Amino acid sequence: STSRNRSEALYQEALQHIVGGVNSPSRSFKAVGGGAPVFMKRASGAHFWDEDGNRYIDYLAAYGPIITGHAHPHITAAITAAAQNGTLYGTPTELEITLAKMLKEAIPSMDKVRFVNSGTEAVMTTIRVARAYTKRNKIIKFAGCYHGHSDLVLVAAGSGPSTLGIPDSAGIPASIATEVITVPFNDLEGLRAALDAWGEDVAAVMVEPIVGNFGMVMPKPGFLEGLCQMTHDNGSLVIYDEVISAFRFHYGSTQTYAGLANHEAIQPDLTALGKIIGGGLPIGAYGGRKHVMEQVAPLGPAYQAGTMAGNPASIAAGIACLEVLQGEGVYEEMERLTIKLTEGLQASADRHGVPLTINRIRGSFSTHFCDHPVTNYDEAQDTDGEAFAAFFRHMLDRGVNLAPSKYEAWFMTTAHTDADIEATLEAAEESFKAMKN
Ligand code: PMP
């Protein structure tokens, strides 16, 4: 198999200095059998080169932001120009207005925007704003949705249709977890029960309107409509975490996605953004209805600030990325390649008798090693982790880079070509075959 000696050596060195050798636990290979993750040295377009000189076709896309491929020339030029003018001012700049206007135009529920530095910060602040606005404390979230690592949203479900959460991490007080109620995704009755039980304390219902964190999962018809209706009837706010979903499926967000019919009935009060809107540099943003956003300092009593927020390089990269995505037929081409890839993968798995369910939404999809549909977290958990780990390692050895987690999506970029898809399908055919032997 492929030699990755330098990755091995760097991992051993990293372990001595960086906790776990990685700067985000999702980068570790713990979930795919352990050992050294691949240390990448360079990336361009749809490809990575590791420290040993091996090339990989990349479907990780840095967990979503790299939708235009690595080192896209238009984005690189924007970052270079920004850097030459100074990377951080601590004053407002004109380009922040440009990006805010672009976001508002694409996501009409956002009357007002605020830039932060990560998806975590964006989500965390929407909760504070909702609490300030409603003067209530609890939030309802959905099992398996990931909303960053702030205390309140790092709480998982117990079992049962509507349960108070238990912390998913050490260091989160149990008292905080009691402010979070978790219900299954796509389950309006579960939401109903939670609102019946805790309704007058509920500040907000937080949801990934199209899920990206236990596979790619569409809301069932009527789910978002019902969610918005029930939540608003309860005097609570709807928060959409669109950190993954915004600009992923089309130029816009779930709120305006053509795959969902009744846009007026699925408008949230607050939206959290990140990833793609920074073109590969650190960014987050949140926004929403004017009178809700006016809770935020300096206008209102809800405090949120940031030394790095709205920095010129991230803003310039974000604008450049959205400009690329405005190009004619960009999303259609990503979808065309993704259909070719998923159809090929399914046929290949079927040929070798490997159970595989693929959830595809335009240019993104998730692969689940199980033989039934995946519409919620419970169903996603049936994904066979050992089968995925085997597939992951076979694909890596054949030059295909996937996220080292059985739930994680594959992301197409504007840089992938038919040749990449064909090479990936060849690798998959060999991988499925090897898995069966
Ligand atoms: N929300 C969602 C839906 C996410 O997928 C993520 C990150 N994967 C976050 C929030 C947190 O974003 P960040 O890692 O930028 O803090």
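Modeller: This is a predicted model. Start where helices H2 and H9 meet. From H2, the contact takes His-74, Ile-75, Ala-78, Ile-79, Ala-81, Ala-82 and Ala-83. From H9 come Pro-312, Ala-313, Ala-316, Ala-317, Ile-319, Ala-320, Cys-321, Glu-323 and Val-324. Sorted by class, the contact of H2 with H9 holds 14 nonpolar residues, 1 polar and 1 charged.

Now the geometry. Two packed helices are described by the angle between their axes and the distance between the axes. H2 covers residues 73–84 and H9 covers residues 312–325. Their axes come within 8 Å and cross at roughly 155°. An angle over 145 degrees counts as roughly antiparallel, so H2 and H9 are roughly antiparallel to each other. The crossing of H2 and H9 is right-handed.

Most residues other than glycine have a negative phi, and most peptide bonds are trans. Ala-61 sits in the loop between strand S3 (55–58) and H2. Its phi is near 50°, a positive value in a residue other than glycine. Pro-298 lies in the loop between helix H8 (290–293) and H9. The peptide bond from Ala-297 to Pro-298 is cis, and its omega is near 10°.

S1 and strand S2 (residues 47–50) run antiparallel and are joined by 4 bridges. Within S2, Phe-48 is the bridge partner of Ala-43.

H10 spans residues 330–351, and helix H13 spans residues 418–436. The axes of H10 and H13 come within 9 Å and cross at roughly 15°. That angle makes H10 roughly parallel to H13. The crossing of H10 and H13 is right-handed. On the H10 side, the contact residues are Leu-337, Lys-340, Leu-341, Gly-344, Leu-345, Ser-348 and Ala-349. H13 meets them with Ile-421, Thr-424, Leu-425, Ala-428, Glu-429 and Phe-432. By class, the contact of H10 with H13 has 8 nonpolar, 3 polar and 2 charged residues.

S14 pairs with strand S15 (residues 364–368) over 5 bridges, in the antiparallel sense. Thr-357 has His-368 in S15 as its bridge partner.

Last, the ligand. There are 15 residues around the ligand, and Ser-118, Gly-119, Thr-120, Gly-148 and Val-243 come nearest. Helix H4 (residues 119–134) gives the most to this shell, with 3 residues. By class, the shell around the ligand has 5 nonpolar, 8 polar and 2 charged residues.

Notes:
Residues are numbered from 1 along each chain as its sequence is written. This is a predicted model: local features need pLDDT of at least 70, side-chain atom pairs count only at pLDDT 80 or more; totals for chains, interfaces and linings use all residues. Axes are lines fitted to C-alpha atoms, for helices over the stretch in contact, and angles run from 0 to 180 degrees between N-to-C directions. Helices (H or I, at least four residues) and strands (E, at least two) are DSSP runs, numbered from the N terminus. Angles under 35 degrees count as roughly parallel, over 145 as roughly antiparallel, 65 to 115 as roughly perpendicular and the rest as oblique. A crossing is left-handed if the near helix is turned anticlockwise from the far one by less than a right angle, and right-handed if clockwise. Two residues are in contact if their C-beta atoms, placed from the backbone, lie within 7 Å. Ala, Val, Leu, Ile, Met, Phe, Trp, Tyr, Cys and Pro count as nonpolar, Asp, Glu, Lys and Arg as charged, and the others, Gly among them, as polar. Two strands pair if DSSP finds at least two bridges between them. A residue is near a molecule or strand if its C-beta atom, placed from the backbone, lies within 6 Å of it.
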